[in-house]
Amino acid sequence: MLSLQIGPLALPVGLVLLFVSLFVAYGVAWWLRRYRQLPDAGPLVSDMLIAGLLAARLAFVLRWHEQYLAAPWSIINIRDGGFLAPAGIAGALAIAAWRCRRPAMAAMRRPLAISVAAGALSWGVLSAGLGLAYDRPTALPAVALRTLDGESVSLAALAAGKPVVVNLWASWCPPCRREMPVLAAAQQARADIVFVYANQREDAAAANAFLAPSGLALRNVVLDSEAALGKAAGSSALPTTLFYDARGRLADTHLGELSDASLASKLQKIAPPAP
């Protein structure tokens with residue numbers, strides 16, 4: 001499952017898990033302070049969160065610095081999901097170790113460790129639970145699609161044994177519009193990867209109304225009138241992008257707008273560029 005539908009909102013599962021884990025960590029810190037008279041670890045949990053996010057973003061920007069140098073403003077556009085989790089965890093632990101290094105902060109170590117462990121445990125349990133409750137398909141879905149000319153086609157036929165990127169989009173979706181030039185440029189540059197643009201719940205007229213004036217030369221634009229690909233991926237949010245390797249196995253996913261850097265980081269998992 002990639003997103004959770006809460007009323008009219010479709011929220012990324014990862015973001016929901018982060019909020020729940022933080023709520024648990026802060027709740028445990030409050031409980032320890034209120035009922036065990038231990039020092040309040042809540043402020044330090046916040047410092048760890050900020051340090052972790054900054055470290056994760058900085059590490060990602062440094063890893064894909066060439067793409068960000070081409071568009072420096074995009075460094076602050078965190079909507080592209082460009083974070084490196086190991087660097088974030090290291091940054092959070094580093095700030096905690098630094099703040100608790102002094103003997104005067106020794107009493108903070110126990111409540112901080114308990115609060116962080118509770119948050120991490122809640123993340124793990126919820127992630128495992130969602131994984132058991134929702135069995136996400138790991139192969140190319142056998143979904144009936146149609147070209148803009150009305151011909152029936154399948155993802156397997158379009159992939160033809162190559163790695164494939166499946167972008168779920170709609171003409172009314174602003175992030176879909178913003179990321180389309182990024183995907184179009186990658187399609188032109190990477191002949192070794194098949195890009196498929198699966199329009200969700202619109203007809204050919206609506207898709208053409210967006211594509212015609214855009215000036216984008218896209219190949220493999222198809223119609224998914226029942227949003228079957230989104231249902232198979234467990235995502236009701238747009239844009240959603242699925243990355244399959246040459247064997248048709250799902251290697252990665254991305255929910256939200258792609259940047260040059262975030263797309264490059266995903267593509268290397270299915271078809272590393274030639275040295």
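Visitor: How many residues does helix H5 have, and what does H5 reach from its first C-alpha to its last?

Guide: Helices (H or I, at least four residues) and strands (E, at least two) are DSSP runs, numbered from the N terminus. The expected span of a helix is 1.5 Å times one less than its number of residues. Helix H5, residues 106-133, has 28 residues and reaches 41 Å from first to last C-alpha, close to the 40 Å expected at 1.5 Å a residue. Please note that this is a predicted model, in which local features need pLDDT of at least 70 and side-chain atom pairs count only at pLDDT 80 or more, while totals for chains, interfaces and linings use all residues. Residues are numbered from 1 along each chain as its sequence is written, and side-chain values use heavy atoms, with hydrogens and water left out.

Visitor: Which residues of H5 are buried?

Guide: Buried means under 20% relative accessible area, exposed over 50%, and partly exposed in between (1.4 Å probe, protein chains only). In H5, the buried residues are Met108, Pro111, Leu112, Ser115, Ala118, Gly119 and Ser122.

Visitor: At what angle do H2 and H4 pack?

Guide: Axes are lines fitted to C-alpha atoms, for helices over the stretch in contact, and angles run from 0 to 180 degrees between N-to-C directions. Angles under 35 degrees count as roughly parallel, over 145 as roughly antiparallel, 65 to 115 as roughly perpendicular, and the rest as oblique. H2 and H4 pack at about 140°, their axes 7 Å apart. That angle makes H2 oblique to H4.

Visitor: Which residues make the contact of H2 and H4?

Guide: From H2, the contact is made by Leu44, Asp47, Met48, Ala51, Gly52, Ala55, Ala56 and Ala59. From H4, Ala87, Gly88, Gly91, Ala92, Leu93, Ile95, Ala96 and Arg99 take part. For classes, Ala, Val, Leu, Ile, Met, Phe, Trp, Tyr, Cys and Pro count as nonpolar, Asp, Glu, Lys and Arg as charged, and the others, Gly among them, as polar. The contact of H2 with H4 has 11 nonpolar, three polar and two charged residues.

Visitor: How many residues does H1 have, and which residues are buried in H1?

Guide: H1 has 23 residues and reaches 32 Å from its first C-alpha to its last, close to the 33 Å expected at 1.5 Å a residue. Its buried residues are Val13, Val16, Leu17, Ser21, Leu22, Ala25, Val28, Ala29 and Leu32. Their cover includes strand S1 (3-6), strand S2 (9-12), H2 and H5. After H1 comes Gln37, with a positive phi near 55°.

Visitor: How do the axes of H1 and H2 cross?

Guide: These axes come within 9 Å and cross at roughly 155°. That makes H1 roughly antiparallel to H2. Leu22, Ala25, Tyr26 and Ala29 of H1 meet Gly42, Val45, Ser46 and Leu49 of H2. This contact has six nonpolar, two polar and no charged residues.

Visitor: Is Ser265 buried or exposed?

Guide: Ser265, in helix H10 (residues 260-267), is buried, with a relative accessible area of 10%. Not counting residues up to four places away in sequence, Ser265 touches Phe60 and Trp64.

Visitor: How many helices and strands has the protein chain?

Guide: The protein chain has 10 helices and nine strands. Of its 275 residues, 44% are buried.

Key
Contact = heavy atoms within 4.5 Å.
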